[in-house]
Amino acid sequence: MKVLKFGGSSVANAQAIVETRKIVSAEGGPVAVVVSALGGVTDLLLRTAAQAAAQQTDYQQGLESVEKRHLDAIRELIPPARQAGVIGRIKTDLNTLETLLEGAFLIGETTPKLLDKIVSYGELLSSFLIAAYYESQGLVAVFRDSRELIVTDGAFGNAHVRMAASRARIRKALLGNSGISVLPGFVGATENGDTTTLGRGGSDYSAAIIAAALDAGELQIWTDVSGMYTANPRLVRQARPIPLISYEEAMELSHFGAKVLYPPTIQPALEAGIPIRIKNTFEPETEGTLIHAGGNTQGRTVRGISHVPDIALVSLEGPGMIGIPGISKRFFETLSDAGISIIFITQASSEHSICVGIASVHLPRALDAVNQTFAYEIERQLIKPAQSEDGLAIIALVGDQMKQHQGLSGKMFSALGRNNVNIRAIAQGASERNISAVIRAEDVKKALNTLHEAFFEEQVKQLNLFVMGVGNVGSRLLAQIANQQRVLKKELRLNIRVVGISNSRKMVFDAGGLPVADWAPALENGEPADLDGFFARVRELNLRNAIFIDNTASETVSSRYADYLKNSISVVTCNKIACSSGIEVYTELKQLARTYNAPFLFETNVGAGLPVIDTLKNLILSGDRVRRIRAVLSGSLNFVFNTYKGEGSFADTVRVAGEEGYTEPDPRIDLSGVDVMRKILILARESGYPLDMEAIENASFLPAGALEAGSVEDFYHVLEQEEAHFRKRYQQAAAKNCRLKYVANLDDGKASVGLEEIPEGHDFYNLSGSDNIVLFYTDRYSEQPLIIKGAGAGAEVTASGLFADIIRIGNF
């Protein structure tokens, strides 16, 4: 014989009840069917009872809603010729329920005993209705009242079952039946016949008690999910069903918030050795989860990740606790006497403090009770008043095989730490079947996804990108990501998602990932752009492996890097302003990156996509020392002086460079030498020289008055007027068989930039187009420099440099 239990979601409406009939019919043999109230009815009854007790006349609306739910279901499910008898019985029960609610209204309160009677009607009504429906469809089905079978004590609201008496009644009533017995879950009765309830979730418990009493071959729990999952699928999209799990693992997962099972459910089945199968009513063909004694035969270490929300910590500490027997006993007894269940315990080995986790709703009562118990010690300052912290949650790794493997705790806490999930307390049982930690409630989703990625997802690492700026560089970066997403997932196990995008006008977010190949319409329909709002949304989403990408040249945007780093959000930027600002800003950002384990990468600040900074870092980290750097670092200026031949207009050449994307939107930044100054400053700092911009000598090649131009157009006008100046510089160099290059120098900590005449045969002479070249002279490369050369400007290569930094973070 099998026992099938259908939860509230499985009997929520007529369509769902039809699915249960198909499942029961397919069993063929004798079965006991335990059902919950129609979905939402229990909560409706509790709310209606509370309104009646508060003497609010609108409680009758709740009663009318209960009646309508059941009568509508009858009319949809029962053939018209059979409806009268079913409706008559339902109406009789509803009349009794109305009388109970009127009593609560008249006396202005509900006692636990009265409330149990009221709430029990959810299951009593649904089970009679479902039995009648099964019978109307030709099944041999009969309604059995669980109050006549399950015997409890008088602890109304959470009654304790008297197992021996219940077993005898269940066996007498159900053994030998060849058909279908439909029973209400959640309810029982005392020896005197007073209705009791088994606590919320007690329908599972009812089913397990009946299965154990009947020595059932299997207990099936039908719900709206396909078994127990590796994590809550509503919070972790990659969560998957666990095909096979032990009783103990299922108990741990149930305790830590896996809502598919009510925690006490497993105990009767465990004692009787009855397998439990969790199945999906709406996808009955899926395998689901089988819980039995054999359990974890696959040898996986971690079987599931779960959490308990709405937790508060209560701590007791003080020198008067050290070496004093009975402190913990008094502490725990105090909470027990106050009716408060302890969910989590941790104690310092010094005995100086003890900390427990409880449901947040009980926090005020717990603090009052503890402070009263220890009033004497508190008054004499032997123990501090109880301290508390609210707004927390517990996360837990669960698995039978965890004790056989080293390093799981380290892997867990390392993964959480990398994502700025602060751990408030830790506990691990001697059985090592679970490792629990208390974290901020707002970090739960990120923590669950982080741990699931670390323990279940074949090492596929998800990167969540927030992109600021979608001009030339930003749009090309998004196109490159779209082209390479599948390749990176296959080759590097990186799942790159763009979650937020902003330009100067609009911003848009999607926690599930924006359509990176077609992002423009989503952005156009986004909300107004706001830097504070963008940062607030990034924090609110609180995603693991988050990366902020700055494709702008905005000082305002760069000023926010510290905010991101302090929240363990990595920063990737082609914006040179931050790293070339005051040395204290540069130093702070580097320190924040180390402190919060959030990479701050700016490879594209120098040489666009060329590996200049990465190479320099590796030289320094390997013990080399930079003595001198000679470099052509401006792709735009190299393009300009390679293109300008002293014949056409110098101003037109600069315009072409802008159109090709080689210069900044304001070409004065490039032609003034400021951009090159920033680049050599960054290289100097990365080489270990703490310079500021003021220390860099700039020999400008521009004529007087050019930089004083009030606008970009005025600047071009000055260039046109001063054409003779530029032609003369070109002709002087050409006469010596030299070429003009804008060169940056760093020599033993002294930096300079300026236009130089480069002779034939020099490494810079044949540098074409917009290419960059960097010569590193170091202790190891003292005679022949280490040379890096290639395209150093342009949106495509800059975007590829940003993309490379993103991939570097993914490989950290």
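Q: Is Cys574 buried or exposed, and at what relative accessibility?
A: Cys574 counts as buried because its relative accessibility is 11%, where buried means under 20% relative accessible area, exposed over 50% and partly exposed in between, with a 1.4 Å probe and protein chains only. The model is predicted, so local features need pLDDT of at least 70 and side-chain atom pairs count only at pLDDT 80 or more, while totals for chains, interfaces and linings use all residues. Residues are numbered from 1 along each chain as its sequence is written, and side-chain values use heavy atoms, with hydrogens and water left out.

Q: How many disulfides does a search of the whole structure find?
A: A disulfide is a covalent bond between the sulfur atoms of two cysteines, assigned here when a pair of cysteine sulfur atoms lies within 2.5 Å. The search of the whole structure finds zero; for Cys574, the nearest cysteine sulfur belongs to Cys579 and is 12 Å away.

Q: Which residues of helix α11 are buried?
A: An α-helix has 3.6 residues a turn, so residues three or four places apart point the same way. In α11 (residues 363-373), the buried residues are Leu363, Ala366, Leu367, Ala369 and Val370; helices (H or I, at least four residues) and strands (E, at least two) are DSSP runs, numbered from the N terminus. Their cover includes β11 (304-317), α10 (327-337), β13 (353-359) and β14 (387-398), by contact, meaning heavy atoms within 4.5 Å.

Q: In what sense do β17 and β18 pair?
A: Strands of a sheet pair through backbone hydrogen bonds, either parallel or antiparallel, and two strands pair if DSSP finds at least two bridges between them. Strands β17 (residues 461-468) and β18 (residues 494-502) are parallel over eight bridges, and the bridge partner of Val467 in β18 is Ile501.
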